[in-house]
Amino acid sequence: MRVQARRAQTLDTCLSRALAWDEYNSRSKGRIPKIDGVPTGSVPRTRRSETGELSESEAIRLAQDGDAGAFERIYQLHSRRVYALCLRMVGNTAEAEDLTQEAFLQLFRKIGTFRGESAFSTWLHRLSVNVVLMKLRKKALPETSLEEQTEPDEETGGPRKDIGGPDLLLTGSVDRVNLQRAVEQLPPGYKAVFVLHDIQGYEHNEIAQIMSCSIGNSKSQLHKARMRLRELLQETLRDQARQQRQAARGETAGTD
Amino acid sequence: MGEKARTTMLCHELEDIFSREPDSALPPSAAEHLETCTVCRALAADLKAIRLASLELPAEEDAPTRVWARIRLELEAEGLIREPRLEEERGSAANWFFFQRPAFAGAVLALLILAAGLVGVRRTRTGTNLAADLNPVSLPASDDQEASLTSTEAGIESLQQVDPQVQAVFKRDLALVDDAISKCEKSVREQPGNDLAREYLYDAYQQKAQLLAVAMDRGTLGGR
């Protein structure tokens, strides 16, 4: 009898997932970005319940009791950010789907232990980041411990003076595609901090809880991530400039 | 007379500030340094350009609906979900489904074949084969679709003799999913190269198959 009742609930769940084709265009960003210490927006990250839907706290309470609708509500509230995090970290949709699924399964298995000591989203993101980093570890990608120096050749003195000359300024040259590609090339530890802070808008104190590191470490890793991105983007610009010069030479030779 | 205090910041000191406080406003001494040091000025400009560009990357992305479907199934399998309702609909629907299973089984199988065909098109997609994949006829044949819909409709009509309420529920639910399929098919035909449209269509076929499978399960379990 319980199994049949579960199937009936599955039926309702299937129906609630019936797609409206034009829904796919709707997205929201939900960040509080800062430039030079000044907040540039104040879009709240946490969604509130609307039109009588369960609030997050109610959904957590009911989910701890096994309520199916509550599980789905929690998923609705958080899946977009978790999926975006996974996607940015691994760079392909199939793996991102698997990681999102695993993160939420771990969350729902452990939800009975959540006591509210930290923000729920922080807890979920910690789970998600751990799931992703474990996956990357299994793939034997070079993993960056947040407490380690990750750039053996990194200069500890002044800024690199052999790059970043005025002729390779990134201002006006960084497009979304190139930046995304550069982010994908970051070591996992740098990537996680960069995604959480610069893309998803988490503050350093939140990142410190998510990544189990200090606030100072979060800040220094973010700076290192940006410096590495700078190098990668400048390489891209140099490659593009080289290709353009070669193309121009090819055209000139053809007209000789 | 004491030594004149050094007021000019050095380059490594500026980078140290960036490392400790990556997004805070720079102190006046750092601003002064930037006025005189082209290298550090370029560095500061590049870091700002990266931060601005990162705002264009979406903080959220829609996960495909199959992700939740898989999570849901796994939660059920692990017994983590409590199911409190809809038990009263079992009895009358059960006997009908017990006798009508072949019709629904056929519909489920047809839909799964349609979805698998769509997956096959997606997985063989390469740059060189893109022209072939863009051909609108790569959509599942409409006569297979018609077969699945016909058997589904026949099944629902028969249900009316058993329990009108249950029939109404299924009719409503199938209409929702069929509407989604219809919209997605239209989009795929109009935009053959649109991967997202195909993905939504694939998901919609899967959902209809799941819907019918759930209905079959209910009938199977109730009939025992």
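A residue is taken as buried if 20 or more other C-beta atoms lie within 10 Å of its own. By that criterion, buried residues account for 37% of the 224 residues in chain B of this predicted model. For chain A, the corresponding share is 38% of 256 residues.

A look at the secondary structure comes next. Chain B contains nine helices and zero strands, and its elements, read from the N terminus, follow the order α-α-α-α-α-α-α-α-α.

Of the contacts in chain B with a separation of 6 or more, 74% are between residues 24 or more positions apart. In chain A, residues 24 or more positions apart supply 61% of the contacts with a separation of 6 or more.

Helix α3 (residues 68-90) and helix α5 (residues 120-138) of chain A have axes that come within 10 Å and cross at roughly 30°. Because angles under 35 degrees count as roughly parallel, α3(A) is described as roughly parallel to α5(A). The crossing of these two helices, α3(A) and α5(A), is right-handed. On the α3(A) side, the contact is made by A:H78, A:V82, A:L85, A:C86, A:M89 and A:V90, while α5(A) contributes A:S121, A:L124, A:S128 and A:V132. Sorted by class, the residues in the contact of α3(A) with α5(A) comprise seven nonpolar and three polar ones, with no charged residues.

Definitions and conventions. Residues numbered from 1 in each chain as written. Chains lettered and ligands numbered in written order. Predicted model: local features only at pLDDT ≥ 70, side-chain atom pairs only at ≥ 80, totals over all residues. Axes fitted to C-alpha atoms, helices over the stretch in contact; angles between N-to-C directions. Helix = DSSP H or I, 4+ residues; strand = E, 2+ residues; numbered from the N terminus. Parallel < 35°, antiparallel > 145°, perpendicular 65-115°, else oblique. Left-handed = near helix turned anticlockwise from the far one by under 90°. Contact = placed C-beta atoms within 7 Å. Nonpolar A, V, L, I, M, F, W, Y, C, P; charged D, E, K, R; others polar. Buried ≥ 20, exposed ≤ 12 C-beta atoms within 10 Å, placed from the backbone.
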